[in-house]
Amino acid sequence: MARVMSYKRPKNLKKAFRELLSYLGHHKWMLLLVFILVFISSMANIIGTFAIRFVVSAALSKDLSQLALTVGSVAVLYFFGIVSSLSYTQIMVYLSQRVVYEMRRDLFNRVEDLPVSFFDNTAFGDIMSCFTNDVETVSEALNNAFAAIIENFITLIGTIVCIFVLSWQLSLTVMAFYILMFTYLFFASKRSKHYFKLQQENLGKLSGFAEETIRGMKVVKVFNHEEDSLKVFDDASDALCETSYKALSYANSLVPMVMALSYFNYALVAILGGLWTLNGLMLSENLASYLVFVRQTSMPINRFTQQANIILNSLASSERIFSLINSPIEADQGEVKLTYKIENGKKVYYWDNKGELIPLKGDVRFENVVFSYVEGHTILKNISLYAKPGQKIAFVGSTGAGKTTITNLINRFYDIDSGKITYDGIDIKDISKASLRSSLGMVLQDTHLFTGTIEENIRFGNLDASFEDVVNASKLANADSFIKRLPNGYQTVLSSDGANLSQGQRQLIAIARAAIMNPQVLILDEATASVDTYTEKLIEKGMDKLMENRTVFVIAHRLSTVRNANAIIVLENGNIIERGDHEALIEQKGRYYKLYTGKSELS
């Protein structure tokens, strides 16, 4: 089931709006041009409507030349309004796409800088919802509502000014209806804003669950959980349906309510205006302009309500987008960098510690390391161990004993609570994470292949590698033979995480990807767990070559794969209970002996 997002959602829509405006502020001159064109478009409409009184006056006086001049002037005015309206809409299309591009770029940049713990506690579908649903919602608002809502606001203010100029007495009646309209607008908008926010949250949860279930459909079918998954999906879908219904119910009631009030207002004003004109209290030409204005007052309000719905929905999406963009990035205070020199035609790597060059050897040591994922629940308890350059260290223990946690700490995916981890005598906290991880190669049990060719997936470990390097790495991992048997060889395109390959073949490509990186320290997290015994033996032969002169950490459930390790470390409940090579541990007849002889099993 999809996990709930761990990062905090801000509840301040004003803050989200300010941050959205900050992106528009990157294009302030273009935005200023939009405002000028919007103003021209709005004023052309207002002045043109006000000029109706002059057209009617000229018609009543039967002055054809004056009538033609007045009509021509109004036509020119409306023409400029149309050109301005067309211009600002085109500019807003470009501007909105630039803003959306910048938001997506910042989202992706922030996601790349987030710590691994964030992804361990956040549903993949919920993150993707920010990139798709939320960003598209903001794009729609910028395209269709942002400039239009400003134009309608200017039109509304200009209309109110004009109707008071024409007849302040009738305008009091109009304003009474305005108060009724905006009172309902405020109430309905507040409720719809609340439910639009819930709608976006429920949409993220539903997307996350659907994505996880579809990706794991084989597992769902194996355990006959189709009905259970459908029930969870129905519950999530019902929640989304309910919040969407309430959000849209309030939102969609705005236009009919405003229209009904505006029609009643128009009818009442027409009657009163007609009576006043008959009694000489108002000029007929003024009444003509006045009635057009009153009829038009409902248009900016109706459009405002429609656009307000889009804006409110986009602000709910903006909350989620900016909460992700503002999530704390992975801390890195390390100043020691990895560098190299060309010696005898080869790259020789060194740690650059403020000008002092320290050879990269692969000496890794843990000194009284204590670590917990959650405060108060300790995973590793005073762990002390060492791996000298070129040694192969194997970790054995039950699930949850802390084997994978140790390798995650070497990579600094997580930082320790206390103690010290050194790499060639340097505290890894002092090494920049980019340099640290570039010296480490890692093969996980759960492989991940990218959409692209096999060659591109292997070269991912070293983007500067030649095709010959790719082939050599594949041979080292014993992947070359099966790759050549594929229809397009190394140019075979993989998709859906390598679904067109077997699990063992995917694992071989992952190992080749680590091999081409040529790391000084290699971490194998049950790298052969997904391959058969025959393939495992082939991999072991290649791995023996790969592990030469490298420090290697191996996590394995198959004890046969760790017999040749320099040291085997047995972990239980976050403690090291045994350490030694295979023969020494067999002689001790402790936990490892019982596991190896089958007298005990890993839990």
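Predicted model: local features only at pLDDT ≥ 70, side-chain atom pairs only at ≥ 80, totals over all residues.
## Basis

Local features need pLDDT of at least 70 and side-chain atom pairs count only at pLDDT 80 or more, while totals for chains, interfaces and linings use all residues. Residues are numbered from 1 along each chain as its sequence is written, and side-chain values use heavy atoms, without hydrogens and water.

## Annotated spans

An unreviewed UniProt entry lists residues 74-95, 145-166, 172-189 and 254-276 as "transmembrane region"; such annotations may be inferred rather than shown by experiment. Residues 145-166 are 100% helix, with end C-alpha atoms 31 Å apart. Residues 172-189 are also 100% helix, and their end C-alpha atoms lie 25 Å apart. Helices are DSSP runs (H or I, at least four residues), numbered from the N terminus.

## Nonpolar cores

A nonpolar core is a set of buried (under 20% relative accessible area, 1.4 Å probe, protein chains only) Ala, Val, Leu, Ile, Met, Phe, Trp, Tyr and Cys residues joined through side-chain atoms within 4.5 Å. The largest has 40 residues, of which I454, I458, F482, I509 and I568 touch the most other members. Helix 16 (residues 503-517) gives the most to this core, eight residues. Another core, of 35 residues, lies apart from it and includes V364, I406, Y414 and L571.

## Surface patch

W29, L32, I36, F39, I40, V76, F79, F80 and V83 form a nonpolar patch on the surface. Helix 2 (28-50) and helix 4 (64-113) each supply at least two residues, and helix 2 gives the most, with five.

W29 is found in helix 2. W29 counts as exposed (over 50%) because its relative accessibility is 67%.

Technical notes
Patch = residues over 30% accessible without salt bridge, like charges linked within 9 Å, V, L, I, M, F, W, Y side chains within 5 Å. Areas by Shrake-Rupley, 256 points an atom, 1.4 Å probe, with all protein chains shown as cover. Salt bridge = Lys/Arg side-chain N within 4 Å of Asp/Glu carboxyl O.
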